[in-house]
Amino acid sequence: MRAVIGIGTNLGDREQYIANGLEALEKRAGHIVKRSSVIETKAYGVTDQPDFLNMAVILDTKLPAEELLYTLLQIEKEQHRKRIIHWGPRTLDLDLIYYGDEIIHSDDLIVPHPDRCNREFVLAPIAEMEPDFVDPELHQTVGELLAELHNRE
């Protein structure tokens, strides 16, 4: 299964946290097929915090969606992620944005990520890798979703 993982960090050695996250994904979650460029962005939600480094990867995984989620959460924890403030600063954030073309609504997981269309730091890296990927819920390409987001701003 191809999964899209959004990666972000705004604390400590941001480049090292991204490198650690990529290494852990490759070892425990699947094979990274594509990776976007790293971009620096302002914080989203709670804006009074350091800027983020963000990127995305396309991961070829054998893990079921919820097991992949738990693996992402474990990797974050191992990289000293503390969940104190919603949308607060973090050493490493790994978000499951897409899981193939599946639509999942369970107690623990919603895929596609429910806030993806409001976040340029999510859409831009995905569009860089796969602009013609069709969002399974909205039936638009990621490139179209990014253009719509720019039109709203």
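**Close-up views of a predicted model**

**View 1. Charged side chains of the protein.** The protein carries 16 positive and 28 negative side chains, and the centres of the two sets lie 5 Å apart. Lys and Arg count as positive, Asp and Glu as negative; His and the chain ends are not counted. Each charge is placed at NZ of Lys, CZ of Arg, CG of Asp or CD of Glu. This is a predicted model: local features need pLDDT of at least 70, side-chain atom pairs count only at pLDDT 80 or more, and totals for chains, interfaces and linings use all residues. Residues are numbered from 1 along each chain as its sequence is written, and side-chain values use heavy atoms, with hydrogens and water left out.

View 2. Thr9 sits in strand β1, residues 2-9 (strands are DSSP E runs of at least two residues, helices H or I runs of at least four, numbered from the N terminus). Thr9 is buried, at a relative accessible area of 0% (buried is under 20%, exposed over 50%, partly exposed in between; 1.4 Å probe, protein chains only). The Thr9 side chain reaches the backbone oxygen of Thr91 at 2.5 Å. Beyond its neighbours within four places in sequence, Thr9 is in contact (heavy atoms within 4.5 Å) with residues including Arg14, Tyr17, Asp51, Phe52 and Arg90.

View 3. The protein has four helices and seven strands. From the N terminus, the order is β-α-β-β-β-α-β-β-β-α-α. Buried residues make up 50% of the 153 residues. Of the contacts with a separation of 6 or more, 65% come from residues 24 or more positions apart.

Definitions and conventions
A polar contact is a pair of N or O atoms within 3.5 Å; within protein, one must be able to donate a hydrogen and the other to accept it, and residues adjacent in sequence count only if both atoms are side-chain atoms.
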